[in-house]
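Let's go through this one together, one question at a time.

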Amino acid sequence: MTSILNVENLVKRFGGLIATDHVSLEVKTGEIHALIGPNGAGKSTLINQLCGELTSDSGHIQLGGRDISHDSPEDRVHLGLGRTFQITSLLEDFTVRQNVGIAVQARDGGNLRIWDRVTKRRALWDEADARIADSGLASRADTLVADLSHGEKKQLELVMALAGKPRLLLLDEPMAGLGHAESQEMIGLLDSLRGHVSMLLVEHDMDAVFALADRISVLVYGQILMTGTADQIRNDPRVREAYLGGEDELC
Ligand code: ADP
Ligand code: MG
């Protein structure tokens with residue numbers, strides 16, 4: 001099995017704090033790899049280093065065998081690195097369909113011009129419609145984003161990220177703020193993508209992690225404590241200790 005992501009000895013310092021402390025991590029092609037750890041462990045920092053929003057102090061990041069450590073965030077997107085859009089980047093006064101159309105268009109390189117062929121426009125909207133039909137938002141295509149529930153907005157973020165056709169999708173807490181039913185829907189949506197897109201999934205909801213992850217890495221104080229299957233993680237005393245002072249909550 002090849003790997004889509006290889007992180008080697010990655011470091012990020014904020015003043016005297018080492019937020020990412022020589023992290024090495026591999027995501028195999030097709031894998032859903034969860035990254036868990038207590039608050040402040042450095043999960044979001046690592047995601048931001050991977051997508052290029054934060055510059056690393058040292059170490060290397062390879063995407064599909066290519067070193068992207070020094071590429072801009074935009075170049076990383078073009079090389080196949082996707083991350084969920086933040087809710088704040090959704091266009092509230094536009095419909096779901098328009099938002100997805102814009103994401104498809106962005107991937108294909110900018111603005112459609114007035115003289116662009118009708119067929120090209122039709123292809124764009126056909127793709128947007130197909131992506132919406134495959135999501136949980138099929139009945140909401142013509143709804144303004146402002147009128148969506150929080151859970152629907154999180155789904156829309158994911159649909160828009162997928163419109164970029166990423167090879168690896170970085171997800172920072174996609175279940176945050178979702179109710180039980182909405183979480184279940186998001187889990188179903190992510191599960192349906194298994195094998196089509198590799199994922200690095202940061203998530204606190206352990207039900208979601210155990211339902212989705214092929215492998216799990218545990219980050220504590222900026223260091224990878226261990227990587228393993230759900231069973232290995234669940235039964236590891238160091239993981240329990242790191243999370244709960246030994247209490248049994250990881251189930
Ligand atoms: P997590 O996502 O696991 O909760 P973060 O990556 O947000 O953790 O934070 C890791 C550590 O780095 C924390 O101690 C946090 O306070 C610190 N940190 C994160 N971003 C910054 C920043 N921009 N400046 C200074 N310290 C930061
Ligand atoms: Mg975080």
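Q: Is Asp214 buried, exposed or partly exposed?
A: This is a predicted model, where local features need pLDDT of at least 70 and side-chain atom pairs count only at pLDDT 80 or more, while totals for chains, interfaces and linings use all residues. Residues are numbered from 1 along each chain as its sequence is written, chains are lettered from A and ligands numbered from 1 in the order in which they are written, and side-chain values use heavy atoms, with hydrogens and water left out. Buried means under 20% relative accessible area, exposed over 50%, and partly exposed in between (1.4 Å probe, protein chains only). Asp214 has a relative accessible area of 34%, so the label is partly exposed.

Q: Which residue meets the side chain of Asp214 in a salt bridge?
A: A salt bridge needs a side-chain nitrogen of Lys or Arg within 4 Å of a carboxyl oxygen of Asp or Glu. Here the N to O distance is 3.1 Å. The two partners sit 20 residues apart, Asp214 in the loop between α7 (206-212) and β9 (215-220) and the other in the loop between α6 and β8; helices (H or I, at least four residues) and strands (E, at least two) are DSSP runs, numbered from the N terminus. The partner of Asp214 is Arg194.

Q: Is Lys153 buried or exposed?
A: Lys153 forms a salt bridge with Glu92, with the closest N and O atoms 3.2 Å apart. Lys153 lies in helix α5 (residues 150-163), and Glu92 is in the loop between β6 (81-83) and α3 (96-107), 61 residues apart. Glu92 counts as partly exposed at 30% relative accessibility. The relative accessible area of Lys153 is 14%, so Lys153 is buried.

Q: How many salt bridges does the structure hold?
A: Another example is the pair Asp236 and Arg238, whose closest N and O atoms are 3.2 Å apart. Some share partners too: Glu26, Glu31 and Arg215 are joined into one network. The total for the structure is 13.

Q: How many salt bridges does the rule find across the interface of domain 1 and domain 2?
A: Domain bounds come from an automatic or database domain assignment, which gives domain 1 (1-80 + 166-251) and domain 2 (89-165). The two bury about 1100 Å² between them, 67% of it on carbon and sulfur atoms; buried area is the accessible area (1.4 Å probe) that two parts lose on being put together, summed over both. For salt bridges across this interface, the count is zero.

Q: Which three residues supply 41% of the area that domain 1 buries against domain 2?
A: The contact (heavy atoms within 4.5 Å) takes 16 residues from domain 1 and 14 residues from domain 2. No other three residues of domain 1 supply more of its buried area than this trio. They are Pro166, Met186 and Leu189.

Q: Which residues touch the most other members of the largest nonpolar core?
A: A nonpolar core is a set of buried Ala, Val, Leu, Ile, Met, Phe, Trp, Tyr and Cys residues joined through side-chain atoms within 4.5 Å. The largest one has 22 residues, and β1 (3-14) and α1 (43-51) are among the elements that give two or more residues to it. The residues asked for are Leu5, Leu50, Leu168, Leu170 and Leu200.
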